[in-house]
Amino acid sequence: MNIALLCQSRPLEIFAASALREAGLEISSYHHLSALLSSMRQQEPGAVLLQDDHEHVPDCLAALRMHGTHPLPVIVVGLGDSVSISRALQMGADDYAAIREGGDSLVHRIRGRIASRQSRPNPTSLRAGPYVLHAPTQSMSLHDGEVSLTSREFALAWALFENLGRVVSMKTLSTEIWGRSSDIGKRTIEQHVYKLRRKLGKDGPGRKNVPKIQTVYGVGYRLHI
């Protein structure tokens, strides 16, 4: 089984690689989120380890939630103070492995989370108000009808529906939907958001249960009802 590691720290990379290889697990190291996501489009790992970094972990967790086609455990690895552990779990990590607990603890956490996730399938549909997204057909339904979406509009909608009430950053949307983290212009994303907003307004702008896309200036977008 292959485990993916996303980190910039060479000591952390050596620690994780040594622990996993001693346990008979393969490890693939990545220094950039875009490289990890590109690799996952070919073959998903059994789990992902993320270096604890409060600046980058939120975007990484959001992108991994959007990407996976199968249950994928994500474990943050770091020094393990109480604030860091709490922050990582609140942001959506499945677990936190403290370096001070040693390599055996890291391996046990990985295996435990993999076993737990294998019993919980990923959703094939998501709902926000009267709208339902259907992953198998990449379509969106409204009551008894269907709202036409392009493939990128669907990917954008899925990202926002899956993170209902939470902000999804521009960087995360750019990396996951377009496969690039830096060269997708802000205007391109704004145009897709504008089109999706219009389609989400089909149930009537005055209705209370209509999901709305809120712009969080300088950060990204949030879907709320």
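What share of the contacts in the protein chain with a separation of 6 or more comes from residues 24 or more positions apart? The answer is 60%, where contact means heavy atoms within 4.5 Å.

This is a predicted model, so local features need pLDDT of at least 70 and side-chain atom pairs count only at pLDDT 80 or more, while totals for chains, interfaces and linings use all residues. Residues are numbered from 1 along each chain as its sequence is written, and side-chain values use heavy atoms, with hydrogens and water left out.

**Figure 1. The whole chain, with its eight helices and twelve strands.** Helices (H or I, at least four residues) and strands (E, at least two) are DSSP runs, numbered from the N terminus. Of the 225 residues in the protein chain, 46% are buried. Buried means under 20% relative accessible area, exposed means over 50%, and partly exposed is in between (1.4 Å probe, protein chains only).

Figure 2. Two strands count as paired if DSSP finds at least two bridges between them; strand E3 (residues 47–51) and strand E4 (residues 74–78) have four, in the parallel sense. Look for Gln 51 here: its bridge partner in E4 is Val 77. Axes are lines fitted to C-alpha atoms, for helices over the stretch in contact, and angles run from 0 to 180 degrees between N-to-C directions.

Figure 3. Is Glu 26 buried or exposed? At 52% relative accessibility, Glu 26 counts as exposed. Leaving aside residues up to four places away in sequence, Glu 26 touches Met 1, Asn 2, Ile 3 and Leu 20. Glu 26 and Ile 3 are 23 residues apart along the chain, and their C-alpha atoms are separated by 6.1 Å.

**Figure 4. Ser 84 in helix H4 (residues 82–90).** Ser 84 is buried, at a relative accessible area of 8%. The Ser 84 side chain makes a polar contact with the side chain of Asp 81, at 2.7 Å. A polar contact is a pair of N or O atoms within 3.5 Å; within protein, one must be able to donate a hydrogen and the other to accept it, and residues adjacent in sequence count only if both atoms are side-chain atoms. Skipping residues up to four places away in sequence, Ser 84 touches Asp 52 and Tyr 96.

**Figure 5. The aromatic pair of Phe 154 and Trp 158.** Rings of Phe, Tyr and Trp (its six-membered ring) pair if their centres lie within 6.5 Å; planes under 30 degrees apart count as stacked, over 60 as edge-to-face and the rest as tilted. By this rule the count is one aromatic pair. Phe 154 and Trp 158 are tilted, at 5.8 Å centre to centre with 35° between the planes. They are four residues apart in helix H6 (residues 151–162), so about one helical turn separates them. An α-helix has 3.6 residues a turn, so residues three or four places apart point the same way. Phe 154 is buried at 5% relative accessible area, and Trp 158 is buried at 12%.

**Figure 6. Helix H8 (residues 186–200) packing with helix H7 (residues 170–178) and with H6.** H7 and H8 pack at about 80°, with their axes 11 Å apart, and are therefore roughly perpendicular to each other. Roughly perpendicular covers 65 to 115 degrees; angles under 35 count as roughly parallel, over 145 as roughly antiparallel and the rest as oblique. Among the residues that meet are Leu 173 and Trp 178 in H7, and Ile 189 and His 192 in H8. H6 and H8 pack at about 75°, with axes 10 Å apart. On the H6 side of that contact are residues including Leu 156 and Phe 161, and on the H8 side residues including His 192 and Leu 196. Seven of the nine residues of H7 are buried, so H7 is largely enclosed by the rest of the structure.

**Figure 7. Ser 169 in strand E10 (residues 167–169).** Ser 169 is buried, with a relative accessible area of 11%. Its side chain makes a polar contact with the side chain of Thr 172, at 2.9 Å. Thr 172 is one of the buried residues in H7. Not counting residues up to four places away in sequence, Ser 169 touches Asp 59, Val 219 and Gly 220.
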